[in-house]
Amino acid sequence: MSYVDGFIAAVPTANKEKFLTHARTGDALFIEFGALRVVECWGDDVPHGQLTDFFRAVQAKDDETVVFSWIEWPDKATRDAGMQKMMDDPRMDPATNPMPFDGKRLIYGGFSPLLELTK
C-alpha cells in the first residue's frame with residue numbers, strides 16, 4: 001500500500017502567489033524523486049472550533065490562511081529515499097528558495113493508510 005506525508009501550515013494570505021511558486025518548485029522535485037501525487041489546498045471553509053482546530057494547530061494569525069497538503073508515495077522506502085534527496089538537493093536551499101511562511105509552525109507527518117475507498 002502507498003505512503004502519505006501530510007502537512008498543515010499557516011501562510012500569510014498576501015503570500016498566496018509566492019506560496020504557489022514555492023510549491024510548484026518543491027512539488028516538481030517530489031515527483032522527480034518518486035512521489036505519485038502532490039496536492040496543495042488553500043483553506044476555503046476552515047471553521048474555528050471550541051477546543052481545537054487547524055488555526056490553533058499552526059497558530060495562524062488573522063492575516064494568514066491555513067494550507068493543507070499531502071504527498072502520495074508508492075511506499076515508505078520510496079518516500080524515505082525521496083525525502084533524503086529533497087534535503088540534499090540545492091534547489092531546496094532556503095537561501096535561494098525561501099519558504100513564504102513561518103516553517104516553525106509547519107506541522108507534518110508520515111502516515112500508513114489503513115483504508116482507501118475509490119469509485
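1. The side chain of Glu64 comes to 2.7 Å from the backbone nitrogen of Lys61. This distance, like every value in this note, is computed from a predicted model. Glu64 belongs to strand 3. A second polar partner is Arg105, whose side chain lies 2.8 Å from that of Glu64.

2. Is Glu64 buried or exposed? Its relative accessible area is 8%, and because the limit for a buried residue is under 20%, Glu64 counts as buried. Leaving aside residues up to four places away in sequence, Glu64 is in contact with Ala10, Val11, Pro12, Thr13, Gln59 and Arg105.

3. With a relative accessible area of 1%, Asp5 is buried. The side chain of Asp5 makes a polar contact with the side chain of Trp73, at 2.9 Å.

4. Which residues surround Asp5, not counting those up to four places away in sequence? They are Ser69, Trp70, Ile71, Trp73, Arg79, Met83, Gly109 and Gly110. For Ser69, the C-alpha to C-alpha distance to Asp5 is 8.4 Å, although 64 residues separate the two in sequence.

5. Trp73, the polar partner of Asp5, is also a member of the largest nonpolar core. The nine residues of this core are Tyr3, Phe7, Leu29, Phe30, Phe33, Ala35, Ile71, Trp73 and Met86. In soluble globular proteins, nonpolar side chains tend to be buried together.

6. The contacts of Trp73 beyond four places in sequence include the core residues Tyr3, Phe30, Phe33 and Ala35. Ser2, Asp5, Arg79 and Met83 are also among the residues that Trp73 touches.

7. The largest pocket holds about 830 Å³ of space. It is lined by 31 residues, and Phe7, Phe30, Met92, Met99 and Leu106 are the closest to its centre. Strand 1, helix 1, strand 2 (37-42), strand 3, helix 3 (76-88) and strand 4 (107-111) each give two or more residues to the lining. Helix 1 provides the largest share, six residues.

8. What is the make-up of this lining by class? It has 19 nonpolar, six polar and six charged residues. Phe7 and Phe30, named above among the residues closest to the centre of the pocket, are also part of the largest nonpolar core.

Notes. Residues are numbered from 1 along each chain as its sequence is written. This is a predicted model: local features need pLDDT of at least 70, side-chain atom pairs count only at pLDDT 80 or more; totals for chains, interfaces and linings use all residues. Side-chain values use heavy atoms; hydrogens and water are left out. A nonpolar core is a set of buried Ala, Val, Leu, Ile, Met, Phe, Trp, Tyr and Cys residues joined through side-chain atoms within 4.5 Å. Buried means under 20% relative accessible area, exposed over 50%, partly exposed in between (1.4 Å probe, protein chains only). Contact means heavy atoms within 4.5 Å. Helices (H or I, at least four residues) and strands (E, at least two) are DSSP runs, numbered from the N terminus. A polar contact is a pair of N or O atoms within 3.5 Å; within protein, one must be able to donate a hydrogen and the other to accept it, and residues adjacent in sequence count only if both atoms are side-chain atoms. On a 1 Å grid over the protein atoms alone, a cavity is a set of points where a 1.4 Å probe fits but cannot get out, and a pocket is an open set with protein on both sides within 12 Å along at least five of seven lines; lining residues have an atom within 4 Å of a point. Grid points are joined across faces, edges and corners, and a volume is the space filled by probe spheres set on the points. Ala, Val, Leu, Ile, Met, Phe, Trp, Tyr, Cys and Pro count as nonpolar, Asp, Glu, Lys and Arg as charged, and the others, Gly among them, as polar.
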